[in-house]
Amino acid sequence: MSTIPVHTSYDTWTVEELIDATSTNPRGNKIVTIPEFQRRLVWPRKKQEGLITSIKSGFPFGSLLVYKDTNAANAVESYKLIDGLQRTQTLRQYVSHPNSSFSKSDLSDELVETIAAGINEFSDLDCLAPRNKRKIRLRILEWVWSGTGFTEAAGWGINTLTDVLLLEMLELEEESYDLFSARKSLLGSDSLYKTRVEEFLDGIQKAADICKVDVPVIVYSGPSDNLADVFVLLNTEGIKLHRYEIYAAHWLGYRHRINNIDVIDAIWRKYAELASAGFNLDVYEGISNAESRIERDYTLFEYLFGLGQYLTHNYALLFKSVKVDQPSPFGFNLMSACIAGSVAEKDVRKLPDNIHGLDLTRLEDCLLESVAFVDKLLNSLLRVQRVGQSKTPYFHADLQIVSMIATSFRVRYNKNDLSEIDGWNHKRDLLERHLPMYFLYHVLQKHWSGSGDSKLAEILASESYLNSPPSATTWNQVLDVWFRENIAARQQVQSYIREDLDEYLLLRFVLAETLTTTESYYVQHIVPIASLKSPLSYYHSRPGPINSVGNLALVAESEFVDYGDYTFVEYLNRQRSNFGSMHYHSELDKHERILICKKDDLPPPNLTQNNFERFLEKRFQVLKMQFLDVWRDHIPQDSQT
């Protein structure tokens with residue numbers, strides 16, 4: 001005889017019962033709540049439509065798994081939804097608007113004709129006129145699409161539709177005698193109108209109403225301590241758990257008091273997103289106001305979730321934002337990198353043990369100090385935006401910025417007690433000089449492409465950001481190689497390129513001193529696109545490096561001049577009659593400075609491939625020299641320079 005314990009039974013609930021049970025105020029004798037380790041709503045529209053199609057076709061669509069609380073003292077059966085949140089939400093959304101997929105073609109011309117003829121007897125309008133039949137058709141479609149169910153309480157039925165059409169076409173007052181008389185006549189027992197409309201509504205309901213469909217339910221009543229493990233095991237197929245959502249289940253026993261109100265608010269925004277779908281959440285039990293939220297102990301997953309949201313909101317130049325209910329990787333990775341020196345899954349999983357005994361508030365303060373330190377170093381380079389662009393460009397990989405912040409944390413604070421390490425002031429000075437250089441160098445070298453876990457661990461173990469960054473000789477070599485690759489990559493004729501490409505970051509470094517005084521900039525082509533595409537140009541019918549960094553300038557909004565289809569020299573020459581000689585040369589000097597391009601360096605008007613690409617090379621060398629000059633205090637010199 002088997003000794004394996006049996007903790008499961010099988011049941012069927014109708015869709016109607018399931019939706020009621022998962023509502024915040026169920027009317028029946030079942031209540032289903034959502035445990036705090038449940039994932040967010042992730043099913044895409046196509047997958048939702050597939051489930052509804054399966055149900056309507058009579059196909060099997062999988063069972064739900066619920067945990068039954070056998071200790072519940074009241075008459076209401078209490079359950080937790082362990083598996084099936086996505087399916088349940090799909091059913092809830094569908095049942096709330098079951099006719100949203102009703103097609104215009106399902107409303108026949110014959111039916112519209114019958115309805116128009118019936119109403120026409122009571123109307124001063126010619127309801128059979130094409131314009132008025134179109135009006136009737138549109139009103140019927142709007143009414144069907146807006147339906148929220150198939151009961152009288154939900155406003156469904158021939159009585160409601162008839163009132164809607166009469167009020168629309170006869171312009172009567174609600175509950176007026178004329179409305180009552182017209183309705184009574186149209187809904188008489190021998191009315192063709194009544195017969196056809198009822199057939200129409202019955203057809204819609206039969207095709208769309210799934211409330212009485214049975215849903216298979218597996219009921220688990222074993223030890224509640226196993227629920228998190230069951231949840232993780234079940235969520236290994238289909239749309240898998242986000243890497244960090246696994247910890248929501250595994251870290252239920254690790255709870256902390258949080259003092260950062262913004263982090264707490266971010267946690268509850270996640271729950272509000274799920275609650276807004278109409279579900280009853282376990283976490284809402286006993287949480288009646290803002291004060292009770294502050295006094296609650298939160299799981300480590302909740303804390304790092306909220307911390308990640310806080311970072312993306314307050315340091316938007318460093319961290320990419322995510323949806324309010326989606327775990328940001330930064331809270332988890334940053335904490336693990338700072339404490340464990342690694343973001344490998346095995347190390348992130350050990351975070352509860354690694355931070356055990358540390359003051360969480362002090363730990364957060366130290367971490368945020370490190371974030372603010374790196375943000376200050378890079379802010380002037382990253383904050384300025386292209387005019388008309390609202391989306392922040394990210395030149396760096398996620399783990400690149402984590403590695404810089406974690407280095408700052410680890411060389412400053414003792415990870416065992418969070419005391420400040422002797423020698424921090426000297427190391428801070430080194431990082432202030434080195435980190436901007438490593439930031440650009442690693443972007444241009446594609447250092448963080450691919451998996452970055454091992455690269456981050458190596459950087460933190462060796463404290464390599466404290467080592468001298470590339471020398472002037474190395475920069476010369478690296479930039480020349482990068483430029484040749486840039487020329488090859490820009491063999492195109494499009495006038496627009498993405499804001500997060502390497503050339504824009506390099507230009508920000510070249511113009512670091514200029515862009516500190518502006519909030520936004522324009523992108524200027526030194527040789528305009530119109531000239532490069534003109535019939536006189538080699539590139540009129542050929543692709544070319546039009547958008548190479550050698551042909552681009554970033555111009556502060558306050559200094560921008562629209563040259564139109566001309567080079568800056570051609571533009572000034574056209575204005576020359578308005579200038580005196582001294583003023584003209586003053587303007588020329590200013591535009592050469594802004595664009596970092598000398599008049600004599602421009603290619604001739606009849607553009608050949610050779611003279612344009614020689615121009616790109618020459619101007620790039622000018623940009624490179626300016627970069628080396630602007631950052632001379634950060635770039636070590638060597639005997640080879």
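Strands β3 (residues 64-68) and β4 (residues 77-83) run antiparallel to each other and are paired through four bridges; strands here are DSSP runs of E of at least two residues, helices runs of H or I of at least four, both numbered from the N terminus, and pairing requires at least two DSSP bridges between two strands. Within this pair, K68 lies opposite Y79 of β4. Helix α3 (residues 85-96) packs on the sheet and touches β2 (30-34), β3, β4 and β5 (214-220), a contact being heavy atoms within 4.5 Å. The direction of α3 makes about 110° with that of β4 (axes fitted to C-alpha atoms, for helices over the stretch in contact; N-to-C angles from 0 to 180 degrees).

The model is predicted, with local features requiring pLDDT of at least 70 and side-chain atom pairs pLDDT 80 or more, while totals for chains, interfaces and linings use all residues. Residues are numbered from 1 along each chain as its sequence is written, and side-chain values use heavy atoms, without hydrogens and water.

The open sheet has six strands in the order β1-β5-β3-β4-β2-β7, with mixed pairing.

T312 is buried, at 6% relative accessibility (buried is under 20% relative accessible area, with a 1.4 Å probe and protein chains only). Beyond neighbours within four places in sequence, T312 contacts F319, K320, S321, S328 and F330.

Notes. Buried means under 20% relative accessible area, exposed over 50%, partly exposed in between (1.4 Å probe, protein chains only).
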